Amino acid sequence: MRLDLLAIAAHPDDVELTCGGTLIKMAQRGYKTGVLDLTAGEMGTRGTPQTRAKESARAAKLMGVSWREVLDVPDSDVQPSRRHKLRLAEVIRGVRPRTVIIPYWEARHPDHYHASTLGYEGCFLAGLKKAPIPGDPHRPFKVLYSMSFVADVRPTFVVDITAQYERRRKAILAYGSQFRPAKSEKKGRVYLALDELEEEMNQLSRHYGRMINVKYGEPFFVRELMKVDDVVEMQVRSI
């Protein structure tokens with residue numbers, strides 16, 4: 001399997017919430033897309049790993065991804081350890097993506113910011129010829145940072161997901177254990193941030209869409225400068 005685009009995230013449903021629309025759009029354009037969930041989400045307050053595995057498979061089908069796996073890093077203990085980096089590098093060598101999406105390196109949840117470091121360093125390690133892992137060396141050409149949860153940093157670019165918005169919404173809601181719990185489920189005393197997360201993500205999609213004069217968008221950051229060949233045909237009106 002050779003992927004054009006691979007999204008790496010800490011938990012099942014992270015990808016759907018941060019870059020699901022972009023994955024759908026790229027799959028619709030004929031690219032081979034994939035998702036690597038670092039953990040099975042086994043520490044989540046709601047649902048079980050078995051339930052979430054079924055939900056993530058359903059979401060993957062809705063997003064049209066060609067490949068989805070779990071690295072089996074312990075939930076709530078995502079660390080850029082040597083062992084995890086080698087395992088991730090082996091996966092990178094196996095699916096050989098050209099572009100990789102990883103979380104932005106600042107986040108409230110430790111698993112998310114550690115996932116960013118683990119993702120980047122795993123991609124780098126995969127390109128070292130003498131790394132003690134099987135497969136031919138491979139290093140992705142481009143690393144993108146998903147930043148839907150980042151409020152105080154201006155994105156490098158925003159992807160128009162207006163046409164993919166409804167399918168992305170269905171992929172998010174495929175995680176019924178998280179976003180549509182049974183009415184019979186006893187409400188806990190601890191507030192769960194995900195109780196309002198779907199609405200928040202919808203608002204953010206509209207916010208970033210307005211930044212590029214479309215209805216819905218997903219933001220990304222890259223560390224390097226963007227190259228532009230045609231300044232006459234650049235999109236997004238200035239005045």
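A surface patch here is made of residues with over 30% relative accessible area and no salt bridge, and nonpolar side chains are joined within 5 Å. In this predicted model, one nonpolar patch on the surface is formed by Val228, Val231, Val232 and Met234.

**Nonpolar patch**
- Together, Val228, Val231, Val232 and Met234 have about 430 Å² of accessible area.
- Val231 sits in the segment after strand 7 (217-221).
- Val231 counts as exposed because its relative accessibility is 64%, and the cut-off for exposed is over 50%.

- Asp13 is not a glycine, yet its phi is positive, at about 95 degrees.
- The loop between strand 1 (5-9) and helix 1 (14-28) holds Asp13.
- Asp13 has 7% relative accessibility and therefore counts as buried.
- Ser76, also not a glycine, has a positive phi of about 75 degrees.
- Ser76 is found in the loop between strand 3 (67-70) and helix 3 (82-95).
- With 47% relative accessibility, Ser76 counts as partly exposed.

**Cysteines**
- The structure contains zero disulfides.
- Cys19 is in no disulfide, and its nearest cysteine sulfur, that of Cys123, is 14 Å away.
- Cys19 is buried, at a relative accessible area of 1%.
- Cys123 counts as buried at 4% relative accessibility.

Definitions and conventions
Residues numbered from 1 in each chain as written. Predicted model: local features only at pLDDT ≥ 70, side-chain atom pairs only at ≥ 80, totals over all residues. Heavy atoms only, no water. Patch = residues over 30% accessible without salt bridge, like charges linked within 9 Å, V, L, I, M, F, W, Y side chains within 5 Å. Areas by Shrake-Rupley, 256 points an atom, 1.4 Å probe, with all protein chains shown as cover. Salt bridge = Lys/Arg side-chain N within 4 Å of Asp/Glu carboxyl O. Helix = DSSP H or I, 4+ residues; strand = E, 2+ residues; numbered from the N terminus. Buried < 20%, exposed > 50% of the residue type's maximum accessible area, 1.4 Å probe, protein only. Disulfide = S-S within 2.5 Å.
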